[in-house]
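Subject: Structure handover and notes

Dear colleague,

Please find the structure for your files below. My notes on it come after.

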Amino acid sequence: MAASISNSRLPSSLNFDLIKDSMLQTDDLPLAEVLDSDQWQETFTAHGIEFGTEEDAIYTPAITLWALISQVFFKGEMRSCKAAVGRVASLWATLGKQICSTNTGAYCRARAKITWEALRDICCQIAQSAEAMYDSQDVDRELRQHDVVADAQSVSTSGRILLVDGFTVTAADTLANQAVFPQNRSQEAGLGFPIIRGVSLISMVTGLLVDLAVGPYAGKQSGETALLRQMLEQLQPGDTLVADCFYCTYWIAAACQANGVNIVMKNHDKRDDNPFGARRIDKHQRTTVWLRPRRPDWMSEDEYAACPEQIEIRLVDVIIEQPGFRSRKYTIATTILDTEIFTRDWITGVYRSRWLVELDIRSIKSSLGMDILRAKTPAMVQTEIWSCLLAYNLIRMKMLQSCSANGRMPRTLSFTTTQQLLANNWLLGSVLLTPELSELGQQTSASEIVGRRPDRVEPRANKRRPKLLALLTKPRAQAKLLLIVAA
């Protein structure tokens, strides 16, 4: 059939508000205006996404996006396109419409028309709006919750605290994916999977993903610092960028300083923690000057000339006395030179919060199942990534609402519990949103308290043994042929 389902026209009220209803949104909830259906429609229009205008069309942009997000909430068989079409069919049946077929063809064609750029814009809009509306007093309390000794003045001066980290995911082994995201070069052809490298910008306070840059795992300008430079335009004056030593380069520091952005990073392993000529502040702090290195190949002469010839850096020593930690001592490099407001304890606490981004990436890759992508083309790989990230920000948004309504901090709520809440009510909320259901959503999201364990020590090892199978040493087609010949 030409369409998966055939019935009469979808009620006009079910536009992008359908997704808001599935999010259990009512106008009286805190931050309800962050999810702006009109803005989502404007974004789709700006990207030229317009389909499903026929009278008997089922897969409008809103319905398709609704089904696409629903796939992220589930794993295994429930994540498939077939399962998504089944949820759309259930939606239509609940609305009293006639269902003819649940073939996935129409849905897959409609899904391919939603560009990843549009999903990225919506995802970033949610983060930007929520961060702007979140009360600065809540930010201050969150900093204190994580042992960041700061007063209201320091918080307002520092702006957002953004955590940076990278990760990799794999995609379906197709020729198209291999051409854009090649497998590990150490593997023979046909034995590996396309690898995508990503670098994320995540808010320390809210957990919202501010932006993500992706690229191939290897090749020219494919490293994490190169991907981070693509996102520097997302930073605002007064922001603080927190990252590990890999990102602590002169060029990142210079670019941030030029835009009024501070850095708090572990000093790079190749830099001296006690450089000659450093000016001592106290026993554990000093300032030094980084001189501009030679121009790298990737930088133009004009960009090089615009970089300052030197940067003043403050070095802060951190002593680890907790048994079981791998590092006993390390040094933080920061462009924040004010030691009166931004004390050593503040700098140490902010850097210690960097570990939160590891947990956030775990939520994205494990809880939302983004570690192994199913898409067979590079464009759909990007769409799958950004649909996961959009679902991630929607979950974080729901957590923020619960926090504002219940006087809790975002990092004390369970991401998994909120994900389960939305998955369980994704269809129900779209057709039967009541004040009672919305209230239940707020209570459920805030019901589980996540334990705070800053000094937790665990071995980096697995107890459960995996099932040992022989690894492929030839492409699967050749291995199958050998079995047939041997028989």
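Overall make-up

Please keep in mind that this is a predicted model. The protein chain has 18 helices and 9 strands. Of its 487 residues, 51% count as buried. Taking contacts between residues at least 6 apart in sequence, 70% join residues that are at least 24 apart.

Helix H4 covers residues 81-94, which is 14 residues. From its first C-alpha to its last it reaches 20 Å, close to the 20 Å expected at 1.5 Å a residue. Its buried residues are Cys81, Ala83, Ala84, Val85, Arg87, Val88, Ala89, Leu91 and Trp92. What do the buried residues of H4 pack against? The partners are helix H1 (17-22), helix H3 (61-72), helix H5 (105-112) and H16. Just after H4, Gly96 takes a positive phi of about 80°.

Helix H6 (residues 116-133) has 18 residues, so at 1.5 Å a residue it should span 26 Å; the end C-alpha atoms are 26 Å apart, in agreement with that. Buried in H6 are Ala118, Leu119, Arg120, Ile122, Cys123, Cys124, Gln125, Ile126, Ala127, Ala130 and Glu131. These buried residues pack against both helices and strands: H2, H3 and H15 on the one hand, strand S2 (195-203) and strand S3 (209-216) on the other.

Crossing of H15 and H16

A packed pair of helices is described by the angle between the axes and the distance between them. For helix H15 (residues 378-406) and H16, the axes come within 9 Å and cross at roughly 105°. H15 is therefore roughly perpendicular to H16, since angles of 65 to 115 degrees count as such. On the H15 side, the residues that meet H16 are Tyr392, Leu394, Ile395, Arg396, Lys398 and Met399. On the H16 side they are Phe415, Thr418, Gln419, Leu421 and Leu422. By class, this contact has 7 nonpolar, 2 polar and 2 charged residues.

Salt bridges

The structure holds 9 salt bridges. Side chains of opposite charge can pair when their charged atoms come close.

Asp165 forms a salt bridge with Arg354, with the closest N and O atoms 3.9 Å apart. Which parts of the chain does this pair tie together? Asp165 lies in strand S1 (residues 161-170), while Arg354 is in the loop between helix H13 (344-352) and helix H14 (355-367), so the pair ties together parts that are 189 residues apart in sequence. Asp165 and Arg354 are both buried. For Arg354 the relative accessible area is 11%, and buried means under 20%, so the residue falls in that class.

Arg354 also forms a salt bridge with Glu358, where the closest N and O atoms are 3.2 Å apart. Glu358 has 27% relative accessibility and counts as partly exposed.

In H6, the buried Arg120 forms a salt bridge with Asp121, the closest N and O atoms being 3.8 Å apart. Asp121 counts as partly exposed, at 25% relative accessibility. Arg120 and Asp121 also belong, with Asp211, to a network of salt bridges.

Loop residues

Most residues other than glycine have a negative phi.

Thr434 sits in the loop between helix H16 (415-431) and helix H17 (435-445). The relative accessible area of Thr434 is 26%, which makes this residue partly exposed. Thr434 and Thr26 are 408 residues apart in sequence, yet their C-alpha atoms are 8.7 Å apart in space.

Regards

How values were computed. Residues numbered from 1 in each chain as written. Heavy atoms only, no water. Salt bridge = Lys/Arg side-chain N within 4 Å of Asp/Glu carboxyl O. Buried < 20%, exposed > 50% of the residue type's maximum accessible area, 1.4 Å probe, protein only. Helix = DSSP H or I, 4+ residues; strand = E, 2+ residues; numbered from the N terminus. Expected span 1.5 Å × (residues − 1). Contact = heavy atoms within 4.5 Å. Axes fitted to C-alpha atoms, helices over the stretch in contact; angles between N-to-C directions. Parallel < 35°, antiparallel > 145°, perpendicular 65-115°, else oblique. Nonpolar A, V, L, I, M, F, W, Y, C, P; charged D, E, K, R; others polar.
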